[in-house]
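Student: I have a two-chain model on my screen and would like to learn how to read it. Could you walk me through a few features?

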Amino acid sequence: MSAFKSSKMLLGAMALATAFSAPVLAQQKSVAITAIVEHPALDAVRDGVKDQLAEAGFEAGKNLKWQYQSAQGNTGTAAQIARKFVGDRVDVIVAIATPSAQAVAAATRDIPLVFSAVTDPVVAKLVASSEASGTNISGVSDALELDKQIDLIKRIVPNATRVGMVFNPGEANSVVVVEQMRKLLPEHGMSLVEAAAPRSVDVGSAARSLIGKVDVFYTSTDNNVVSAYESLVKVGSDAKIPLVAADTGSVARGAVAAYGMDYYALGKQTGAMVVRILNGEQPGAMPFETSNILELHVNPKAAQSQGVSLSAELLESAGKVLD
Amino acid sequence: MSLYTLLGALEIGLIFSLVALGVYISFRLLRFPDLTVDGSFPLGGAVAAILISTGSDPFVATFAAMLAGAVAGLITGWLNVRLKIMDLLASILMMIALYSINLRVMGKPNVPLIMEPTVFNVLQPDGMADYVFRPLLLVLIVLLMKLLLDAFFATQTGLAIRATGSNARMARAQGVNTGLAVLAGMAVSNALVGLAGALFAQTQGGADISMGVGTIVIGLAAVIVGESLLPSRKLYLATIAVIVGAIVYRFFIALALNSDFIGLQAQDLNLVTALLVTVALVVPRLRQHWSGRKGG
């Protein structure tokens, strides 16, 4: 009861404080951020953006008007959120993942848009090329250099020839990776074996359908795969097929290794771009970026249960060894 | 709430009012619980987006999207009428199948339309802002569709569809080919939904495979909100009610998006929308209740 009362008083005090401080902060900046859906990786991006802004002196609730909206998986709502942000005339809009970014791009040609976690912004037509766009759009892609990913697969399972991938054929980001792998793997003497999982409940059975056909699993940041990662891990340890992941978060959940990005760091990188725009730079003069911080995470326990031994050299080069 | 937000809500509401009209035809007139909508909405978007992005005329693309929707509805009807598959299941089968078909149509999960010509930017007069012109054009399209529907349901075929929905046995006794009526109704219903998908893709930056999720829920909510706000047994009033319902539903979402001042957060959006719709459904009944008391 008293806690309730005091929190109410606190709210009142805050309302008063904002009411009084508002005129002083006429120069207050506003950032609006939207994501197509709630998801651990996407939420990490959002938090990264917010924390980076705070580090640069733009603190939400103090000198920054910060708002976050999730479309909760509905594209109609995503479109409305885009309209609302444009209507609010915010200083920068941050859009996480392709459908949200496209909805904002369709809604405004003048408010700066910074996208994040879009794997191929050129295919998504957000920007025309990897050069500075000259428009109101820039951002950070979560694309990985796949050659380095293939190198890691070779280091984990040196004699692997068949790489299995479970993916959602309905996810743009995921399809991009599968298509590139299909082209790249033969150059390294390997082949790709795919299994589709249109829903996250299909991930386990799709993985099982690959038993006997593949030597190693490679998992991209496919939303379905990431949300049902445990079912893949189970198949991996039952059938002794090691899992190599694209994001470090999956290593903690049972992948043998990942040379990947941390979505929180990706969010901070996105936040740094937002700060540059808030400080007066033009998004059209900034080429889009890809993740600049990659880290190798390994999980020896998972390696053991999935039937591979990790070399001392690999363990030494790892940025983080999980125990 | 800014003017831009309001016009945005109006624009999306008008697009979804075409979905609502389609749902009204299947659920209310034909009494056919049709979930095909979740697949025919993105189908319309997919067909329009892929045609426009490969250089077709946006009007041709939009018309092709309508036809594609009609074919999807025809197949659902055919599964039910000819293969005797239960109506709900027939529409579920079609909805699932359309997911793969839509991926085939687009060739990838996402076809962007950001710089391409659309029916909106081709017709847009100079000096008029796009956020004003889009709802204006949509008002014309929706009104045109409404009038066409009103006229259609007064023809022999239209009346046969309505008779089939209200009492199939009686309709057959009167010599109506009820199978054909179901096929026609489903085709018209899903053509409207396909058109909505095509317009949506052209206003929102492209087609995405996930754009169909929950379409039927929004369509049904719009129909029911509309019916409770403007109850009527006359078809030309009922179609207006359905359109109003779809727009009101969007205004509720806009309101929910702007409810942060009372401490609500992003994750509460769907809950707030549900609460607002509940209020919209209950208030007319309460009003009736009170006015009934006064009268008695």
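**Reading a strand and its surroundings**

Tutor: Happy to! Strand β10(A) and strand β12 (residues 295-298) of chain A run antiparallel and are joined by four bridges. Within that pairing, A:Tyr259 has A:Leu296 of β12(A) as its bridge partner.

Student: Which strand pairs with β10(A) in the parallel sense?

Tutor: That is strand β9 (residues 243-247) of chain A, over three bridges. Here A:Val244 stands opposite A:Ala257 in β10(A).

Student: How should I think about the two faces of a strand?

Tutor: In a regular strand, side chains alternate between the two faces of the sheet. For β10(A), one side carries A:Ala257, A:Tyr259 and A:Met261, the other A:Ala258 and A:Gly260, and all are buried, so both faces are covered.

Student: Why is β10(A) described as largely enclosed by the rest of the structure?

Tutor: Because five of the five residues in β10(A), residues 257-261, are buried.

Student: And what sheet does β10(A) belong to?

Tutor: An open one of seven strands in chain A, with mixed pairing and the order β7-β6-β8-β9-β10-β12-β13. Its edge strands, β7 (191-196) and β13 (320-321) of chain A, each pair on one side only. At the β13(A) end, two bridges link that strand to β12(A) in a parallel arrangement, and A:His297 stands opposite A:Lys320 in β13(A). Helix α5 (residues 146-156) of chain A packs on the sheet, touching β6 (162-167), β8 (216-219), β9 and β10 of chain A. The direction of α5(A) makes about 165° with that of β10(A).

Student: Now for the interior. What should I look for there?

Tutor: In soluble globular proteins, nonpolar side chains tend to be buried together. In this model the largest nonpolar core holds 197 residues, and A:Val244, B:Ala20 and B:Ala196 touch the most other members. Leaving aside neighbours within four places in sequence, B:Ala196 is in contact with residues including B:Ile15, B:Phe16, B:Val19 and B:Phe41.

Student: Is B:Val47 buried or exposed?

Tutor: Buried: 20 or more other C-beta atoms within 10 Å is the cut-off, and B:Val47 has 28. This residue is found in helix α2 (residues 37-53) of chain B. Beyond four places in sequence, B:Val47 contacts B:Ala64, B:Ala65, B:Ala68, B:Val105 and B:Ala198.

Student: How do the two chains meet?

Tutor: The size of an interface is often given as the accessible area lost when the parts come together. Here we can count residues instead: 35 from chain B and 33 from chain A take part in the contact. On the chain B side, α1 (3-29), α4 (87-106), β1 (110-112), β2 (206-208), α11 (235-257) and α12 (269-295) each supply at least two residues. The largest share, six residues, comes from α1(B). By type, that side of chain B divides into 19 nonpolar, 12 polar and four charged residues.

Student: Where in chain A is confidence lowest, and where highest?

Tutor: Where pLDDT is low, the predicted coordinates should not be read in detail. In chain A, helix α1 (residues 2-21) is lowest, at a mean of 46, while strand β3 (residues 92-96) is highest, at 97. Over residues 1-26 of chain A, pLDDT stays under 50, and the model has one contact beyond four places in sequence for that stretch. For chain A as a whole the mean is 89, with 92% of residues reaching 70 or more.

Methods
Residues are numbered from 1 along each chain as its sequence is written. Chains are lettered from A and ligands numbered from 1 in the order in which they are written. This is a predicted model: local features need pLDDT of at least 70, side-chain atom pairs count only at pLDDT 80 or more; totals for chains, interfaces and linings use all residues. Two residues are in contact if their C-beta atoms, placed from the backbone, lie within 7 Å. Ala, Val, Leu, Ile, Met, Phe, Trp, Tyr, Cys and Pro count as nonpolar, Asp, Glu, Lys and Arg as charged, and the others, Gly among them, as polar. A nonpolar core is a set of buried Ala, Val, Leu, Ile, Met, Phe, Trp, Tyr and Cys residues joined through C-beta atoms within 7 Å. A residue is buried if 20 or more other C-beta atoms lie within 10 Å of its own, exposed if 12 or fewer, and partly exposed in between; C-beta atoms are placed from the backbone. Two strands pair if DSSP finds at least two bridges between them. pLDDT is the predictor's confidence in each residue, from 0 to 100. Axes are lines fitted to C-alpha atoms, for helices over the stretch in contact, and angles run from 0 to 180 degrees between N-to-C directions.
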